[in-house]
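I opened my notebook to look up a few things in this structure. Here is what I wrote down, entry by entry.

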2 protein chains.
Amino acid sequence: MNPDILKERKNATFDVEKLTYILDGGPEKTKRRREIESMVLSDPDFKEENPCFLSRSERYDQAVRKSAQMILKLREYGIADPEEIYCYKNCVHPDRPEPLDLHLGMFLPTLLNQATPEQMDRFFMPAWNLEIIGTYAQTEMGHGTHLRGLETTATYDPATQDFVLNSPTISSIKWWPGGLGKTSNHAIVLAQLYTQGNCHGLHAFITPLRDMKTHEPLPGVVIGDIGPKFGFNEVDNGYLKLENIRIPRENMLMKYAKVEPDGTYVKPPSAKLTYGTMVFIRSMIVGESARALSKACTIAIRYSSVRHQSEIRPGEPEPQILDYQTQQYKLFPLLAMAYAFHFVGQYMKETYLRISGDINEGDFSKLPELHALSAGLKAFTTWETNSGIEVCRMSCGGHGYSCSSALPDIYVQFTPTCTYEGENTVMMLQTARYLVKSYRQAKAGQQLSGIVSYLNEAQHQRVQPQPVAARPTVVDINDLASLVEVYKLRAAILVELAAKSIQQELQRRKSQEDAWNNSAIDLVRASDAHCHYVVVKLFTDKLRDIGDTGVHSVLSSLALLYALQGVTRNSGDFLQAGLLSVPQVLQSSVRIKELLSQLRLNAVALVDAFDHNDKKLNSVLGRYDGNVYENLFEWARNSPLNATEVHESFHKYLKPLRAKL
Amino acid sequence: MNPDILKERKNATFDVEKLTYILDGGPEKTKRRREIESMVLSDPDFKEENPCFLSRSERYDQAVRKSAQMILKLREYGIADPEEIYCYKNCVHPDRPEPLDLHLGMFLPTLLNQATPEQMDRFFMPAWNLEIIGTYAQTEMGHGTHLRGLETTATYDPATQDFVLNSPTISSIKWWPGGLGKTSNHAIVLAQLYTQGNCHGLHAFITPLRDMKTHEPLPGVVIGDIGPKFGFNEVDNGYLKLENIRIPRENMLMKYAKVEPDGTYVKPPSAKLTYGTMVFIRSMIVGESARALSKACTIAIRYSSVRHQSEIRPGEPEPQILDYQTQQYKLFPLLAMAYAFHFVGQYMKETYLRISGDINEGDFSKLPELHALSAGLKAFTTWETNSGIEVCRMSCGGHGYSCSSALPDIYVQFTPTCTYEGENTVMMLQTARYLVKSYRQAKAGQQLSGIVSYLNEAQHQRVQPQPVAARPTVVDINDLASLVEVYKLRAAILVELAAKSIQQELQRRKSQEDAWNNSAIDLVRASDAHCHYVVVKLFTDKLRDIGDTGVHSVLSSLALLYALQGVTRNSGDFLQAGLLSVPQVLQSSVRIKELLSQLRLNAVALVDAFDHNDKKLNSVLGRYDGNVYENLFEWARNSPLNATEVHESFHKYLKPLRAKL
């Protein structure tokens with residue numbers, strides 16, 4: 001163990017293990033997680049070549065091998081609980097996407113949710129036994145988040161009782177689905193349903209793509225890998241062009257909507273039935289933000305405790321770079337954010353489970369709020385995490401650029417969350433739509449419930465932008481409850497500002513739609529402030545549940561740091577609205593510095609509490625033992641370019657060149 | 001040509017070609033640049049496999065091949081002007097680093113600057129003719145920006161008149177130098193010079209690494225590639241461990257400092273002599289920021305003009321995504337920034353040339369200011385560009401993640417500029433040191449010259465943080481000169497705030513050094529504000545030189561957008577200091593929206609003016625003709641995973657799995 005990191009751990013003022021339990025949701029959960037981790041990580045069948053040193057085809061190959069093993073082992077060990085499967089999978093493919101992701105995460109669940117009993121008989125067991133390997137083919141080259149724009153057609157032919165599937169344009173080619181390029185032999189294809197001359201919108205069709213024996217593409221199926229990407233090297237994201245593919249009528253997923261043999265279309269009982277999965281996935285992404293950020297923080301903070309550089313006081317040994325105020329200022333607010341997002345992720349999961357109970361009983365009343373919240377928080381947490389990972393990476397200096405740090409991989413694996421499952425700006429605007437609607441209801445005197453109820457209060461308090469002097473100073477910047485209040489008022493004011501912008505545009509005779517577009521900057525800002533309020537609030541709420549004094553104290557400091565850093569980063573908003581005075585903003589900066597030096601003591605312990613296993617973390621810089629340099633050298637020697645002392649290009653190009661010059 | 005993009009070009013209100021001339025520095029320069037580009041891009045010897053589809057070893061191999069060709073052709077065509085060589089090289093390896101970069105950019109120039117005539121005879125021509133291929137081995141595993149911490153030793157042995165070079169620790173292993181791993185047979189090694197029992201600090205030693213015939217590493221030389229990184233796949237960044245390597249006394253670069261045969265050390269006449277190159281490279285990076293950002297903007301804006309998505313008005317065709325206010329708000333401020341940084345880059349280059357004339361005549365008086373300016377601007381422009389590229393990438397939705405967009409490559413090639421040639425936070429603090437020193441001089445009544453002279457004025461005006469109400473509102477947010485003034489005052493106030501923070505820490509009995517570290521957040525903020533002021537000022541100054549009305553008008557809008565976006569992003573600073581009132585901040589937001597819709601018309605023309613050749617840009621999304629979708633499909637089909645219809649992993653893992661389940 002590196003002596004610096006040992007010293008850090010000795011200095012910690014709280015019990016790391018207790019905090020880990022809180023993060024996992026209880027000591028039993030921690031225990032079970034560790035059991036699963038050790039089961040996978042000690043299993044020789046999951047031993048892998050370091051993917052950094054492999055070609056893309058080799059990475060794909062290795063991932064398929066491990067996924068196949070994983071399926072076998074899950075059966076063998078009888079692991080069936082979704083959370084445990086998720087945990088197991090995350091150890092087999094350490095937080096990496098893999099070729100069977102969509103088979104397991106979308107194809108099977110969609111069958112469960114939308115297939116008729118007859119379809120379950122035909123497709124589920126073959127899919128369960130990996131004879132059928134499926135993916136979910138929704139996104140097209142020309143359309144992603146805007147689903148109504150998808151162009152693939154499924155036209156019903158009553159003569160043969162077939163659907164004829166087509167990709168009528170280049171832009172309608174299915175593009176991006178994971179596992180589509182090489183792995184899957186079936187897909188659930190989302191297509192515009194045409195029957196009896198009418199289009200009935202998007203429906204799902206089980207479509208065979210490859211021969212079940214030879215795995216060759218079927219006639220009319222033009223299919224392949226979409227090529228190298230920013231990361232996601234293990235996955236064969238694919239394209240699919242359908243040329244008059246005929247599938248039987250019974251291959252449309254018909255639990256809800258139906259097409260009868262004569263072509264009569266039968267509507268689904270509710271349009272909201274397919275809504276839930278989307279909300280669930282977006283809620284899950286909040287937790288993934290927390291995990292990705294916690295990994296990046298673990299690496300950067302551990303490395304900063306063993307890296308010595310430059311000097312603070314002349315003549316003294318080089319300090320740990322964690323002693324630099326600038327380094328603390330880069331990393332500790334992100335550490336606080338990782339904790340904040342973790343607790344928000346827990347909240348979203350609990351809320352989803354609670355509300356999905358209602359949904360199963362046909363009560364959709366809480367869905368709009370959850371939908372709005374999950375959209376905004378998905379965008380808010382992924383954007384913040386996305387830039388946060390890069391701050392962590394760059395805080396490691398040059399070595400952060402090496403794949404040995406794992407930071408480049410964490411970034412490229414995480415960054416797509418800003419776009420998939422709903423492009424972030426679109427997500428922010430969806431939340432804004434809900435906020436503006438709620439604001440108008442509040443203004444009309446309606447009593448709102450749930451997380452937007454503050455829009456009632458705000459109406460009551462007649463909050464509006466006004467000069468600093470006009471607002472009395474009642475905020476205590478050292479008190480989290482008080483800060484939650486100002487975040488709430490900021491959100492209320494920015495929602496009002498956006499609503500007023502729309503109003504002004506309408507007064508200039510703009511259409512409703514143009515008024516919306518011309519206020520979009522304000523709307524995104526309002527959503528952002530709303531989400532920020534929710535995060536600060538939920539972090540603060542969480543503190544109430546924490547009994548242990550040591551843990552409570554350090555988490556309170558983190559929550560305060562998170563809240564105050566948000567204040568200084570957005571001080572314009574708070575000053576503009578008269579929510580804080582100039583002296584309070586200046587005090588916030590001073591208080592942040594105090595919190596940084598206070599948290600310095602516990603920084604390593606706080607990342608230890610995330611309990612990222614070294615093998616899963618796979619980072620030379622983030623090793624638990626802090627022995628960075630010797631392992632960096634060891635790692636580098638395995639670079640494929642070092643397989644020979646002299647690269648062939650010397651003989652091919654450089655040596656012959658001498659004669660010519 | 002895609003009709004949308006054609007329409008955009010028809011609507012432009014200015015002459016694109018005239019703007020290109022301004023960017024290049026005159027029509028002759030544009031002409032010559034295009035000549036060189038067409039010379040390279042039409043040359044079959046430089047034809048390449050798309051690197052996206054190659055393995056790292058293949059990418060390195062291809063780069064070496066092209067570099068060797070390049071050397072031959074430069075001789076053949078007699079291209080010798082450094083700027084033209086730079087241009088030629090940037091076409092051969094389209095803005096990509098390459099294995100000979102350090103040979104050409106550091107090894108040869110260092111010989112020219114620091115070798116004695118005897119050393120020139122021995123080394124220069126062999127290096128010119130690529131018998132000697134060299135690199136510049138400075139950075140070590142344990143130390144980068146902090147040069148004094150480097151640990152490699154060169155100990156003089158008067159008995160044999162040799163230097164003995166050693167890597168005494170793991171952390172002293174040379175790490176990162178480009179071309180070190182496989183390509184170079186020599187390096188200029190930076191090492192702590194020991195002679196007669198004393199250490200004389202860092203000096204440069206020409207060190208043979210590999211056998212000139214076989215290219216095998218020499219005895220005692222442990223050398224190799226440091227492994228995969230975030231980008232830079234073409235370059236063999238290397239490690240070098242020196243184990244008692246003996247080189248003759250005459251291999252120390254002795255134009256300035258000397259070691260005599262008996263071991264007597266002779267000091268260099270000035271410590272500042274090696275300073276200039278560093279300043280030059282940092283100044284160049286400002287221009288590289290502009291180029292990288294202009295490429296990212298070109299891709300994102302062209303794509304946004306041909307991509308149609310969703311709806312603004314129901315029932316109407318899907319609009320170009322460039323019509324969304326949120327998209328404009330993401331991209332146009334970055335477009336403005338690319339122009340701003342371009343002009344700042346021009347200024348830095350001119351200033352460097354002017355001052356280096358003085359330096360050659362032994363006048364170092366202007367060097368500290370240039371040093372401070374280049375450090376801060378290097379950090380400011382690279383950080384902004386770094387996040388700007390990612391905003392551009394994500395503004396392209398899913399396709400921005402595909403390597404076909406070129407955006408992932410632009411990012412990974414650019415991001416190291418935040419760390420190399422001086423880590424950005426360290427750079428900001430260096431500039432802050434100069435600012436605080438200047439501030440203290442001004443306070444002591446000294447008249448400052450150059451770009452910091454505003455610190456005198458500020459003293460005079462007694463500018464300090466104060467509530468909004470106390471400051472009269474004289475700023476016109478539509479007037480650039482007026483905005484330059486408030487940026488200047490903001491910088492002055494933040495420099496003062498940082499200086500006062502140091503003062504307060506000293507009053508708390510902190511040492512000078514701890515006071516500095518405990519004020520580092522404020523110091524970075526002051527530097528940032530200073531650089532921001534310089535950029536706004538230089539962009540505004542540049543407008544004066546532009547005669548053409550159309551061009552002047554559109555660049556003025558860009559400059560105003562750049563300045564106002566900085567105001568709203570940092571509104572807290574301006575409000576806090578009472579430099580702007582709340583209504584002015586609100587007006588700025590409104591004005592920004594007007595500028596966005598005004599610039600909408602010229603957006604495509606403004607990126608066309610950067611004149612990035614399609615072949616160099618190598619982006620399917622950024623094609624000049626706008627024909628994105630068909631070319632995306634074409635590109636994807638070339639993915640190596642599509643070489644066979646069925647990947648071998650199916651037969652190896654998936655098919656056998658069925659029998660086991």
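In which helix of chain A do A:Lys537 and A:Asp541 lie, and how many residues apart are they? I found both in helix α16 of chain A, residues 520–543. They sit four residues apart, about one turn of the helix. I took helices as DSSP runs (H or I, at least four residues), numbered from the N terminus.

**Ground rules.** This is a predicted model, where local features need pLDDT of at least 70, side-chain atom pairs count only at pLDDT 80 or more, and totals for chains, interfaces and linings use all residues. Residues are numbered from 1 along each chain as its sequence is written, chains are lettered from A and ligands numbered from 1 in the order written, and side-chain values use heavy atoms, with hydrogens and water left out.

**Salt bridges.** I looked at that helix pair again. The side chains of A:Lys537 and A:Asp541 form a salt bridge, 2.9 Å from N to O. The term means a side-chain nitrogen of Lys or Arg within 4 Å of a carboxyl oxygen of Asp or Glu. Side chains of opposite charge can pair when their charged atoms come close.

**Between the chains.** Ten salt bridges link chain B and chain A. One joins A:Arg148 to B:Glu311, with the closest N and O atoms 3.3 Å apart. I counted contact as heavy atoms within 4.5 Å. Chain B gives 130 residues to the contact, and chain A gives 130 residues.

How much area do chain B and chain A bury between them? I wrote down about 11,200 Å², with 62% of it on carbon and sulfur atoms. Buried area is the accessible area (1.4 Å probe) that two parts lose on being put together, summed over both. B:Phe230, B:Tyr401 and B:Ile521 supply 6% of what chain B buries against chain A, more than any other three residues.

**Cavities.** I searched the whole structure and got nine cavities of 30 Å³ or more. A cavity is a set of points on a 1 Å grid over the protein atoms alone where a 1.4 Å probe fits but cannot get out; lining residues have an atom within 4 Å of a point. A volume is the space filled by probe spheres set on the points, which are joined across faces, edges and corners.

I picked the second largest cavity, with about 140 Å³ of space. Its lining has 14 residues, and among those closest to the centre are B:Pro94, B:Arg96 and B:Asp409. The largest share of this lining, three residues, comes from α11(B).

Note on methods:
1 Å grid on protein atoms, 1.4 Å probe; cavity = no way out; pocket = protein on both sides within 12 Å on 5 of 7 lines; lining within 4 Å. Helix = DSSP H or I, 4+ residues; strand = E, 2+ residues; numbered from the N terminus.
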